[in-house]
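Dear colleague,

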Amino acid sequence: MTLRPNSPEARDAAYHMHSYTNARALEKDGPLVLESGEGIRVTDNNGKSYIEGMAGLWSVGVGFNEKRLVDVAAAQMSKLPYYHNFTARSHGPVIDLAEKLIGMAPVPMSKVFFTNSGSEANDTIVKLIWYRSNALGKPEKKKIISRNRGYHGVTIVSASLTGLPNNHRSFDLPLPGILHTTCPHYWKEGQEGETEEQFASRCAADLDAMIQAEGPDTIAAFIGEPVMGAGGVVVPPATYWEKIQEVLAKYDILLIADEVICGFGRTGKMFGTETFGIKPDIMTMSKQLSSSYFPFSAFMMNDRVYQPIADESDKIGVLGHGYTGAAHPVGAAISLENLKIIEERGLVENAAAMGAIMRKGLDDLTGNALVGESRGVGLIAALELAAPEGMEIPVGQLGAKMSGYMMENGLISRAMGDALGFCPPMIITEAEVKELLDIVGTSLDALT
Ligand code: PLP
């Protein structure tokens, strides 16, 4: 494709290096340039409107023109546009938000630490866990176990926690001391004759064996998303988390629930930990915390984590960690208002109700020759595509092809290999879910 000279597409291709994009393809084809958003839709610079079937990056829970968030941002900008929390400084929005989050926690938590992105939050968690192990006089207890296909971000540590080849290949990652155990995706990883329950037991046994092989005293923590998002929306078997937690408890290993996608309603309950009966020591939060109207993230920790860290910082005199932009008053004010909107408008309940309709519609498509599996929980789902015999599309490219058709038909989805992800804003209505499903159906028909 030749880009029109001086068009936004050509200027973008000339000056802007994108995330998660083939750089050479972008130089040639340019980007999709978005101009505005309303409700569950966004509009490009040619006036074409799309259902944002991924809520941006699994994140714009309240939709694309929530005036209340704009108003609190403007008010906070006018009052105190910036302050930090270094050296014992604070401000109203962050105090209110910390108190609110601790109050919302599904298991007892004692403190909130603020960061700017999910990656930074997970990076910081690992640093604090290392600090804690040193404080406890266990300097060898530093390894972290994550999972194949888990997604935890892209900084050097969080990309190491991530269990996807694209985030390791050519980056010399993962770092030593970060290990990956079995992905709990029964449809792909289950063995012939194995029930889902037996598969969950095997995942727990694999974890146990890894801990034994590495030495239980060297493992500090296990990290997992309640439902894997970017790894292809992997919903674990019903008893998976119970069995994993039994293993962790045996060896005194901390559990980090990465709620960056699941948190604040996505799985049909306020937190993914509630949906799956997880009792974490640490919870990572971002995305729907501010509905991505501001780069903002945080994690909560319980006393088991916090107390040794506080003792150590008292001994050393300072906790030598923090980010200039973290605990930002504008981000905190937006997040507080966003949480109020989620609660007042019953968006968690709406995600559960609309999610059931969306998943039923996607399940109904499993009769289509291209669909291998339909999976999901709450308002997050995926269709796993599988090319039928005779179709000449290489493995791994079917998702991108179908996502392209859907885009032409006015729906933004996310291709993850041959899986197509759906995670629309939580304000979606039944009529809009049906519209989304119609586009999925029509696009599948176009390829079969
Ligand atoms: N953790 C999970 C579960 C995520 O899905 C993501 C991003 O998609 C991250 C962490 C990283 O967040 P960020 O992109 O804000 O660094």
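The centres of domain 1 and domain 2, taken over C-alpha atoms, are separated by 26 Å. Domain 1 comprises 32-65 + 346-447, and domain 2 comprises 69-344; these bounds come from an automatic or database domain assignment. This is a predicted model, in which local features need pLDDT of at least 70 and side-chain atom pairs count only at pLDDT 80 or more, while totals for chains, interfaces and linings use all residues. Residues are numbered from 1 along each chain as its sequence is written.

To the contact, domain 1 contributes 26 residues and domain 2 contributes 24 residues (two residues are in contact if their C-beta atoms, placed from the backbone, lie within 7 Å). On the side of domain 1 that touches domain 2, helix 14 gives the most, with five residues. Helices (H or I, at least four residues) and strands (E, at least two) are DSSP runs, numbered from the N terminus.

Within 8 Å of each other come the axes of helix 5 (residues 92-104) and helix 13 (residues 329-344), crossing at roughly 40°. Axes are lines fitted to C-alpha atoms, for helices over the stretch in contact, and angles run from 0 to 180 degrees between N-to-C directions. Helix 5 is therefore oblique to helix 13 (angles under 35 degrees count as roughly parallel, over 145 as roughly antiparallel, 65 to 115 as roughly perpendicular and the rest as oblique). Pro-93, Val-94, Asp-96, Leu-97 and Lys-100 of helix 5 make the contact with Pro-329, Ala-332, Ala-333, Ser-335, Leu-336 and Leu-339 of helix 13.

Yours sincerely
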